[in-house]
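Please keep the sequence and the model in view while reading.

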Amino acid sequence: MTGKPRNKPGGWKLAIKRDWRLYTLILLPLAYFAVFRYLPMVGNVIAFRQFQPGGNIFGEKWVGLKYVTLFINDPSFWQAFQNTVILGVLTLLFCFPMPIIFALLLNELRSQKFKKLIQTVTYLPHFMSVVIIAGMILQNFSMTGTVNQIGHTLFGTTVNFTQEAAWFRPMYISSEVWQTMGWGAILYLAALTRVDESLYEAARIDGANRWQQTWHVTLPAIRPTIITLLILNIGTFMAVGFEKILLIYNPLNYATSDVISTYLYRVGLESSNFSYAAAIGMFESVIGLTLILSANAISRRLAGTSLW
Amino acid sequence: MKGAAVKAATMKESVLDRAGRRNGAKETGVLIKDMKVSRGMRVFRVANLAFLLVVVFLTLYPFLNILAQSFSSEGFINAGQVNLFPMGFNIETYKLILADSTFWRNYGNTVLYTVVATAISMVLTTSFAYAIAKKDLKGRSVFIGIAVFTMFFNGGLIPNYVLISSLGLRDTLWAVVLPNAISVFNLLIMKSFFENMPRELEEAAAIDGLTQYGVLFKVVLPLSKAIVATMVLFYAVANWNSWFQAFLYLDKPELFPVTIYLRNMIAGVTTAGSAGGTTENMGQIAANIQSVTIVLTVIPILCVYPFVQKYFFSGVMLGSVKE
């Protein structure tokens, strides 16, 4: 930031006199943030207060940690917590590296035409509504869907993928890879175009083969992008595809499919236990914030890259 | 001085080098041939291309499958025989859905919500981004902080739900268009675009006697058509695809967007009953009807997709440029 001389002197009075038109532009957006973003944060106090639907949005009276102890002793909550962690880890393991590999492979393509075509096609799922994605998942994994058609031809059996708890995770993760691999590669591809050609030249002169070039030149060059995206991914760890799960899960596979966000959705909005669900939601947000803060701090120390 | 010259020279060199590489793909080919491309490398290239084409096919497959199912008759779908091509060609379901007034009403709602929400989002995002792009605006970092913090921490489902309900927004358009009006991601992209505009332009305009409003409307916005178009597409696609706000806050079927029409179909709330199906073939009729509805919902997205894809890419590139 360049300190413009006219920035220094004067307080708010002068600033407002000079820039009041800019401040008027900010008013509406600030009101938006206050009402739709910050008020709900404050609204989390109902986790510690008794709440009556239709009553005060900040609840009626303090009840202390009643709802917190309630969910800590709730086996269904811990089931959902476990499922969230497992799905989160599987997502990081499978969905995070795929776009990197995909971008590296695309980068090796010599035909720009093919590259363009492949990009255009693989970005497509990103632009589809999650409702449409859910419809496609349920149809492809249905008893008469493609997956079962192949299974029947190869093994002579069919599986009720959408209903069996054991199959939820493979179904969720494979569809997630399908959805995110193409678009996820976009930032890596952008970073790859900025790699200095002379580095490859130098590596070749040193006798590095193609694989060694990838390992010693390409990967280090996109490392900051990888780390940034990893931090962001860790930040959304707890929020695992809530909308998608809500659309494709059902009571028969809750044992593996029910995550914290879907559980609190049912507790809060289907059974109207607002305070209880708010307590769970707050727990989820706090973990999310903690995760991203620690990931950021760790990466700043170890890799020198951080979001802020 | 000397250092700068050297730097300029190397820069020129690398630009030349890159240009040479770009328009001389053949040349590089020759170069690599001279260095003897190993057999392993050649095998890798073929395998790589083949693999990527398989990925393309797998990405497209679910779309083609839905398209095939939408034109197939129930018997074949039920027998698990439909994959890439329609079996027992059937357009009755299309006629049925296209004759359903609820479908059209919901489709109209989607258009309405998309237009209104995008307009609101654009006004809010543009004005905020323009103001916080001014590096000497007092309080700027606080305003940016207020926005960015919401990326990492949010109130959560329940307090939001309670808030919207107590504001009396249930069963109104506002419940759908207001809660997510500003995407901080889009805001930051726009901010960095405005920051990169040459200052001299605005200073000259100010000397000409334009106020800050005048500068924004008469100078900056006309020069920002590309970013404005990008943002409109970002927001429009997000709004077109959204369903959850409507699902939470709208109870009246005549207010639903088409995504809820489809969602209810998938969840079995809207059964094929209204479409005249009998109970025993409800399952596969549903598959057929769902496919038709999916196809009809996806068409507008596919129509704008070529533009969107280009703009999205440049938008993401803009956003990835670190300040």
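## A helix pair in chain A

In chain A, α4(A) passes α9(A) in a right-handed crossing. A crossing is right-handed if the near helix is turned clockwise from the far one by less than a right angle, and left-handed if anticlockwise. Helices (H or I, at least four residues) and strands (E, at least two) are DSSP runs, numbered from the N terminus. The contact between these two helices is made by A:Pro99, A:Ile100, A:Ala103, A:Leu106 and A:Asn107 of α4(A), together with A:Tyr188, A:Leu189 and A:Leu192 of α9(A). Two residues are in contact if their C-beta atoms, placed from the backbone, lie within 7 Å. Sorted by class, this contact has seven nonpolar, one polar and no charged residues. Ala, Val, Leu, Ile, Met, Phe, Trp, Tyr, Cys and Pro count as nonpolar, Asp, Glu, Lys and Arg as charged, and the others, Gly among them, as polar.

Helix α4 (residues 97-108) of chain A and helix α9 (residues 186-193) of chain A pack at an angle of about 45°, with their axes 8 Å apart. Axes are lines fitted to C-alpha atoms, for helices over the stretch in contact, and angles run from 0 to 180 degrees between N-to-C directions. The helices α4(A) and α9(A) are therefore oblique to each other. Angles under 35 degrees count as roughly parallel, over 145 as roughly antiparallel, 65 to 115 as roughly perpendicular and the rest as oblique.

## Basis of the description

The model is predicted: local features need pLDDT of at least 70 and side-chain atom pairs count only at pLDDT 80 or more, while totals for chains, interfaces and linings use all residues. Residues are numbered from 1 along each chain as its sequence is written, and chains are lettered from A and ligands numbered from 1 in the order in which they are written.

Chain B has 16 helices and zero strands. Of its 323 residues, 34% are buried. A residue is buried if 20 or more other C-beta atoms lie within 10 Å of its own, exposed if 12 or fewer, and partly exposed in between, with C-beta atoms placed from the backbone. Among the contacts in chain B with a separation of 6 or more, 68% join residues 24 or more positions apart.

Helix α10 (residues 184-195) of chain B and helix α13 (residues 225-241) of chain B have axes that come within 11 Å and cross at roughly 180°. This makes α10(B) roughly antiparallel to α13(B). B:Asn186, B:Met190 and B:Phe193 of α10(B) meet B:Ile227, B:Met231, B:Phe234 and B:Tyr235 of α13(B). The residues of this contact divide into six nonpolar, one polar and no charged.

## Where the chains meet

The contact between the chains takes 75 residues from chain A and 76 residues from chain B. On the side of chain A, the largest share, 17 residues, comes from helix α1 (residues 12-43) of chain A. That side has 46 nonpolar, 19 polar and ten charged residues.

## Cores and covered helices

A nonpolar core is a set of buried Ala, Val, Leu, Ile, Met, Phe, Trp, Tyr and Cys residues joined through C-beta atoms within 7 Å. The largest core has 116 residues, of which A:Ala134, A:Ala279 and A:Ile280 touch the most other members. Its largest share, nine residues, comes from helix α6 (residues 101-132) of chain B. Apart from this core lies another, of 15 residues, including A:Ala103, A:Ile118, A:Leu189 and B:Leu52.

Leaving aside neighbours within four places in sequence, A:Ala134 is in contact with A:Lys244, A:Leu247, A:Ile248 and B:Ile266. A:Ala134 is one of the buried residues of α6(A), and eleven of the eleven residues in this helix (residues 130-140) are buried. B:Ile266 is among the buried residues of α15(B), a helix (residues 258-266) in which eight of nine residues are buried. Just after α15(B), B:Gly268 takes a positive phi of about 80°.

## Two loop residues

A:Ser272 has a positive phi of about 60° although it is not a glycine. A:Ser272 lies in the loop between α14 (260-270) and α15 of chain A and is exposed, with 11 other C-beta atoms within 10 Å.

In chain B, the phi of B:Asp171, also not a glycine, is positive and near 55°. B:Asp171 is found in the loop between α8 (157-166) and α9 (174-177) of chain B and is exposed, with 12 other C-beta atoms within 10 Å.
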